[in-house]
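Subject: Model handover

Hello,

Please find the structure below, followed by notes on what turned up in it.

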Amino acid sequence: MKKLNIKNGPQNVSAVIQGCMRMPEHSREDAAKVIRAAYDAGVNFFDHATCYGYGEAEVRFAEAFPLTGIKREDIFIQSKCGICPERGEFDWTRENILSSVDAILGRLKTDYLDTLLLHRPDLLFEPEEVAEAFDTLEKSGKVRWFGVSNTMPMQTELLKRYVKQPLVINQLQLSLEQSQLIDQGLYMNNKTTDMSVSRDGSALDYCRLNDITIQAWSPLQKGMFGGTFIDDPEYPELNKVLGELAEREGVTKAAVAVAWILRHPAKMQVIIGTMDPAHIRETCQASDVELSHNDWYRLYLSSGKFLP
Ligand SMILES: NC(=O)c1ccc[n+]([C@@H]2O[C@H](COP(=O)([O-])OP(=O)(O)OC[C@H]3O[C@@H](n4cnc5c(N)ncnc54)[C@H](OP(=O)(O)O)[C@@H]3O)[C@@H](O)[C@H]2O)c1
């Protein structure tokens, strides 16, 4: 498994992250198999959020973790706060950030989070309050590093003006099918396609310019949570090219789809969400796949794009 050093952040983190959003539906024993399979495949980074199963993902992880025999200090645990489905709002107030982290640590049964991300922008956020919360969390040792998720560059800039700690991560959606993070850079100024529309204020280039590591979420999904495009007959050309490269590399199509993200020079991490140990092992082989410049373009174009 390839390891990355996040500038001003955690070092030696795995390029593939195990996401735990889908863990609540699984038993303690099955969750332990997921954690162990990921760890044995070289994953040392696990992603959570307060809203995954309304906290149940973190509870299940903590119940399962002792069964794995893995030491807490050998892994990085990340969680996110700010999405409050029970209240129908997003909340980045000082009070909510602090109480969320206390609740996360209680559910995960750990003294500290390696990284805390603000999950989605609270439209009423006051950056001074976020700064106060981060200072308190850093001083108490409850959080080691900080970042954001799904934020626009100017929202991140606004935060950075007040927050002392470096924002080292932005977790953003990216897959071959949901590639808008990349598309706008290709189609700029082109009136014939709405792929030229800048939907995120050039978040990709902004993150690269500011040493913010992108964590790509839902690398196999179509739409928001529309199921995977792998083996979906509605994506024949994409599956044909994925299949050809998978055969050449001796891996699965899912591994090639993840390798496509890892091949990007932004050096992103990819968060996989499968809860099937065999799928975890297979998909982590993405780290060993070396896609050429031309492979990368072939995959991109086969997902329904064209060279302008
Ligand atoms: N920041 C955000 O706003 C945000 C939003 C969404 C997700 N996330 C994070 O991203 C993580 C990953 O999201 P995701 O679960 O949507 O990612 P994903 O890896 O794109 O999708 C996983 C799903 O694809 C299925 N799948 C079907 N065939 C597969 C195959 N051959 N190999 C692997 N998986 C296959 C899995 O089913 P099986 O379990 O049966 O394999 C699972 O249901 C989440 O756990 C969460 O940590 C963040």
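Ser287 touches Met1, Lys2 and Leu262, where a contact means heavy atoms within 4.5 Å and residues up to four places away in sequence are not counted. Ser287 belongs to the loop between helix H10 (277-284) and helix H11 (293-302). Its relative accessible area is 4%, so Ser287 is buried; buried means under 20% relative accessible area, exposed over 50%, and partly exposed in between (1.4 Å probe, protein chains only). Helices (H or I, at least four residues) and strands (E, at least two) are DSSP runs, numbered from the N terminus.

Before going on, the terms of the handover: this is a predicted model, in which local features need pLDDT of at least 70 and side-chain atom pairs count only at pLDDT 80 or more, while totals for chains, interfaces and linings use all residues. Residues are numbered from 1 along each chain as its sequence is written, and side-chain values use heavy atoms, with hydrogens and water left out.

The barrel. Eight strands close into a barrel, in the order E3-E4-E5-E8-E9-E10-E11-E12, with parallel pairing. Two strands pair if DSSP finds at least two bridges between them. Neighbouring strands of this sheet are turned by 30° against each other on average, direction ignored; the axes are lines fitted to C-alpha atoms, for helices over the stretch in contact, and angles run from 0 to 180 degrees between N-to-C directions. E5 and E8 are joined in the parallel sense over four bridges, and Lys80 stands opposite Leu117 in E8.

Ile104. This residue lies in helix H3 (residues 94-108) and is buried, at a relative accessible area of 0%. Ile104 touches Thr50, Glu58, Ser79, Lys80, Leu113 and Leu116, again not counting residues up to four places away in sequence. Between the C-alpha atoms of Ile104 and Asn189, which are 85 residues apart along the chain, the separation is 44 Å.

Helix H5. In H5 (residues 153-162) the buried residues are Pro153, Thr156 and Leu159. Seen down the helix axis, they fall within an arc of 120° and so line one face of H5; the arc is that of the directions from the helix axis to the C-beta atoms. Met154 and Arg161, on the other side of H5, are exposed. The cover over the buried residues of H5 includes strands E8 (113-118), E9 (143-149) and E10 (167-173), along with helices H4 (127-140) and H7 (203-209).

Aromatic rings. The whole structure holds eleven aromatic pairs. Rings of Phe, Tyr and Trp (its six-membered ring) pair if their centres lie within 6.5 Å; planes under 30 degrees apart count as stacked, over 60 as edge-to-face and the rest as tilted. Phe45 and Phe76 have ring centres 5.8 Å apart and planes at 25°, so this pair is stacked. It links distant parts of the chain, 31 residues apart: Phe45 is in strand E4 (residues 45-47) and Phe76 in strand E5 (residues 76-81). Phe45 is buried at 0% relative accessibility, and Phe76 is buried at 13%.

Trp260 and Trp296 are also stacked, because their ring centres are 5.0 Å apart and their planes are at 10°. Trp260 lies in helix H9 (residues 253-262) and Trp296 in helix H11, so the pair ties together parts that are 36 residues apart in sequence.

Regards
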